[in-house]
Amino acid sequence: MNKVIRTLKLTTAAAAFSVSAAYAEDVEVLHWWTSGGEAAALNVLKQDLETQGIGWQDMPVAGGGGTEAMTVLRARVTAGDPPTAVQALGFDILDWGNQGALANLNDLAAQEGWDEVVPEALQFFAKVDGKWISAPVNVHSTNWVWANKSVLDANGIAVPETWEDFVAAVETLKAAGITPIAHGGQAWQDATVFDAVAMSAGGPEFYKAAFIDLDEETLGSDTMKEAFDRMAFIRDNVDDNFSGRDWNLATAMVINGEAGFQMMGDWAKGEFLNAGKVPGEDFLCFRFPGTQDQVTFNADQFMMFDQGGTVSQEQAALASAILSPSFQIAFNKVKGSVPARTDVDGSELDACGQQGMKDLAAAASSGNLFGSMAHGHAAPASVKNAVYDVVTAHFNGEYDSETAVLELVDAVSIAK
Ligand code: GAL
C-alpha cells in the first residue's frame, strides 16, 4: 500500500474518525465501471476523495454486471489480500457479510443517520445482523427501454405501451431496414432483458413468485413459456453480430441511429449523456411495455473489507463521501441511476432521472418494487447463475421455449 501522507480537508463525519491530520493509506477500489459513462461517474467519486486528501488506487475489472469483478475478488480474498473497497450487488454483499469478511460501519452510520435516510429495500442488502457492512451508492433499475428519437419519428413510431405495440414497432423498423433491437449477447445482458420480459408477460406477482420465492409451479408455468417465446421474438430482431458484444457498444448503436431500441438498465443513460445526447430530444427512455407500474431494481454499493479489526479512517471517509447528499446527486446525474437516499432533492436530475425517482417511490409504496434477478437482488448468486445459463442457452437457440421452462425448473431447484 502506498504510504503517501496527504494534506487534508476533512469532512465533518470523516473528521470525527480522524485523530491524526492525514490519511496514511490510499483506498484501493475494485469495480467494473469501465464504459465511458461509468468512468465519468466514477470520476465524480475519485475527485470527491481527492479534495479530502485520500489517494485512489484503481482496480477496474471490465465486464458489465460484475461477474468478472467477483471472480477477481474471490482470488484476492483467497490470496489474503482483499482490496479496501469493492463495488458489489445485493446477495453478494450478504454472502461476504455472513462470512465475516466485511468491516462494521455502524459507528459512522449512527453518526450520519443512515437508518433514517436509506430505504428499507437497500438496507436489506447493506446490513448483516444489524451491522452496516456497505455503503449504498445509487439505485438503478433494469426495466427500461432506450430509443433513438429521430429513428422512431422517421418511422412514425410512438412510445409502445404494450407488448403488442412493441412487436408492431419492431416489425416497422425491420421493414425499414433498421436493426430493431441493439443487444449484446452476454449472459448478464440476456438476463437483464429477461427481467423485464418476464415481468411484462406475467405481472408483478408472477415475477415475485418465480424469481424471489422461487416457486416451482410458477417457474414451470405456461406464463414462463410465454416469457421465453417473447425472448425468442427479441432474438429474431437483433443484428447478426450481437454475440459477445459489450452493452455499451449496443447503446452506441442506438445513439448512432443504427438501431431503434435497447432494453437495458439506466446505466445506459450514462452513455447517451457522455455522448452529449439530451433526453426527450435525441433519445427517449420509457419503461418496458407492460411494466409501467413496476420497478426491478439493483443498487450498487461499496463493501469495505475488514483490514484487521476496525474500519479504517480511509474506509470511513470513503463511505461518508458516498452517502453525502451532494455526492449522491452529483454522481447519479452522471451515472443514470437515482440517489440511494430518500431525502435528497431530485430536481437537478434530467427528465429520465426524475421519472426514475418518481417510479421508484410509486413502486415502493404500491408494493411493486422488486429486486432484479439479473443483477443479484432477487436470489443468491447460485440461483442467478442457474437462471443465466438457461436464459442464454434459450436465447442462443439451444432450447426451444418448452425445454427452457423444464430446464429452468431443474436448474433452480438444484441451485437453491
Ligand atoms: C450493473 C451495475 C451498474 C452498471 C452495470 C453495467 O450491475 O449495477 O452500475 O455498472 O452493471 O456495467
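The ligand lies between domain 1 (2-140 + 298-354) and domain 2 (141-296 + 356-415), because both domains give residues to the shell around the ligand; the bounds come from an automatic or database domain assignment. The model is predicted: local features need pLDDT of at least 70 and side-chain atom pairs count only at pLDDT 80 or more, while totals for chains, interfaces and linings use all residues. Residues are numbered from 1 along each chain as its sequence is written, and side-chain values use heavy atoms, with hydrogens and water left out.

Of the 14 residues around the ligand, Glu-38, Asn-298, Asp-300, Lys-335 and His-375 come nearest; a residue is near if one of its heavy atoms lies within 4 Å. The side chain of Glu-38 has an N or O atom 2.5 Å from an oxygen atom of the ligand. For His-375, the distance from a polar side-chain atom to a ligand oxygen atom is 2.8 Å. A polar backbone atom of Gly-65 is 3.2 Å from an oxygen atom of the ligand. On its own the ligand has 300 Å² of accessible area, and the protein covers 100% of that area (Shrake-Rupley method, 1.4 Å probe).

One disulfide is counted, a disulfide being a pair of cysteine sulfur atoms within 2.5 Å. The bond joins Cys-285 to Cys-352, with an S to S distance of 2.2 Å. The disulfide is left-handed, because the torsion about the S-S bond of Cys-285 and Cys-352 is about -105 degrees.

Notes. Polar contact = N/O pair within 3.5 Å; in protein donor to acceptor, adjacent residues only side chain to side chain.
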